[in-house]
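Thanks for asking me to look this over with you.

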Amino acid sequence: ERLLNEVAQALGSGEFVLHYQPIVDLPSGRTVAVEALLRWIRPDGSLRLPSAFIPEVERHNPRLMQDIGRFVLESAVRQAETWFRAGFSLTVAVNVSARELLEEGFLPTLAELLGRHPDLPRERLMLEITETAALEKLAHARSIMNACRGLGVRFAIDDFGTGYASLTNLRELPVDRVKIDRSFVAGLPAAQGDRAVVQAILRVAQVFGVDVVAEGVETPTQARALQALGCRLMQGYGLAHPLPAAQITDWLRDAK
Ligand code: G
Ligand code: G
Ligand code: MN
Ligand code: NA
């Protein structure tokens, strides 16, 4: 109750910002995308991560979650447009929980937002669906996703390989990308089970014609192991930490 009030107040008073984490193609080193990550920076400068409040908000106050989701999409689209105008060619990925996606207002809000940003190439926005356990009614999710794709927006499945239904999701939903959960990357290259899972995901993704991002890449050894398995897109502290937009712009400029 208290947390929810704090969140509502923080959203209203501008304490929420997005940080962006690069998704890098190796071996070229090109940053092909960034993932927007919500950050709550309190007036005393301390940081609260979304895992500390989003699940609570989703469970107890769906309306407030909608407001947060709207703020996130709005900020990310505005930033994507800024980078587009500056001549950087990269996609901005936004986390959207399955629950947010299934809300009645989601599609109209997205359509309205894109309408206000006519210059942004639509394929530069990618929605990363998280908490896919809540997808349940796949036909319903599929129809919403197809409508969003009709607007030109693309989809990724987050934390792929965990949860119950990830292969079903891949088969049943219009998806462009899967993100290998970092728990499978952590043990590379030694852990044979993790290697096998990563290989299996890469193979299945290829059959479905979707691309693959490995998450949680922390060491050069992991990055090399992934490349050896045929995975080019990676994200993790070993490549870059999530950073404020201005610092990402510097990072992109330095890479040019
Ligand atoms: O940054 P942190 O490690 O706390 O992220 C934890 C989780 O919060 C991640 O799984 C991520 O998907 C989720 N998350 C981060 N930003 C957003 C957001 O803008 N919206 C939603 N729904 N989830 C987010
Ligand atoms: O669930 P999702 O994949 O959206 O979670 C993203 C979260 O993972 C972010 O909060 C981000 O800070 C965190 N993250 C990004 N790179 C790494 C990494 O290399 N290792 C770990 N442990 N977490 C990471
Ligand atoms: Mn994500
Ligand atoms: Na992710």
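1. Let's start with Asp159, which sits in strand β6 (residues 154-160). This is a predicted model, and in it Asp159 has a positive phi of about 55° although it is not a glycine. Most residues other than glycine have a negative phi. Asp159 counts as partly exposed because it has 19 C-beta neighbours inside 10 Å, and a residue needs 20 or more to be called buried.

2. Where does Glu131 lie? You will find Glu131 in the loop between β5 (125-130) and α6 (138-150). With 19 C-beta neighbours inside 10 Å, Glu131 is partly exposed.

3. Ser97 belongs to strand β4 and is buried, since 21 other C-beta atoms lie within 10 Å. Setting aside neighbours within four places in sequence, Ser97 is in contact with Glu58, Thr130 and Glu131. Phe53 is 44 residues from Ser97 along the chain, and their C-alpha atoms are separated by 14 Å.

4. Strand β4 also matters for the ligand 1 site. The shell around ligand 1 holds 13 residues, and the closest are Leu38, Leu49, Pro50, Ser51 and Asn95. The largest share, 3 residues, comes from β4. By class, the shell around ligand 1 has 7 nonpolar, 4 polar and 2 charged residues.

5. Now for ligand 2. Which residues come nearest to ligand 2? Of the 14 residues around ligand 2, these are Leu37, Gly216, Glu218, Gly236 and Tyr237. Sorted by class, this shell has 4 nonpolar, 5 polar and 5 charged residues.

6. Please take a look at helix α10 (residues 220-229), whose buried residues are Gln222, Ala223, Ala225 and Leu226. They cover an arc of only 165° around the axis, so they lie on the same side of α10. The face turned away from that buried side carries the exposed residues Pro220 and Ala228. What do the buried residues of α10 pack against? Their partners are α8 (182-185), β8 (211-214) and β9 (233-234). After α10 comes Gly230, with a positive phi near 100°.

7. Ala225 is in α10, and Ala225 is buried because 21 other C-beta atoms lie within 10 Å. Not counting residues up to four places away in sequence, Ala225 touches Leu188 and Pro189. Leu90 is 135 residues from Ala225 in sequence, and the two are 25 Å apart in space, C-alpha to C-alpha.

8. A cis peptide bond links Leu188 and Pro189, with omega about 0°. Pro189 is in the loop between α8 and α9 (192-208). The bond from Leu26 to Pro27 is cis too, with omega near 15°, and Pro27 lies in the loop between β1 (16-25) and β2. Most peptide bonds are trans.

9. At 1.5 Å a residue, the 24 residues of α3 (residues 62-85) should span 34 Å, and the end C-alpha atoms are 34 Å apart, so the two agree. The buried residues of α3 include Met65, Ile68, Val72, Leu73, Val77 and Trp83. Gly87 follows α3 and has a positive phi near 90°.

10. Gln9 and Val24 are 15 residues apart in sequence, while their C-alpha atoms are 36 Å apart in space.

11. Finally, a word on confidence. The chain averages a pLDDT of 95, and 99% of the residues score at least 70. For the complex, the predictor gives an ipTM of 0.96 and a pTM of 0.97. Where pLDDT is low, the predicted coordinates should not be read in detail.

Definitions and conventions: Residues are numbered from 1 along each chain as its sequence is written. Chains are lettered from A and ligands numbered from 1 in the order in which they are written. This is a predicted model: local features need pLDDT of at least 70, side-chain atom pairs count only at pLDDT 80 or more; totals for chains, interfaces and linings use all residues. A residue is near a molecule or strand if its C-beta atom, placed from the backbone, lies within 6 Å of it. Ala, Val, Leu, Ile, Met, Phe, Trp, Tyr, Cys and Pro count as nonpolar, Asp, Glu, Lys and Arg as charged, and the others, Gly among them, as polar. Helices (H or I, at least four residues) and strands (E, at least two) are DSSP runs, numbered from the N terminus. The expected span of a helix is 1.5 Å times one less than its number of residues. A residue is buried if 20 or more other C-beta atoms lie within 10 Å of its own, exposed if 12 or fewer, and partly exposed in between; C-beta atoms are placed from the backbone. pLDDT is the predictor's confidence in each residue, from 0 to 100. The arc is that of the directions from the helix axis to the C-beta atoms. Two residues are in contact if their C-beta atoms, placed from the backbone, lie within 7 Å.
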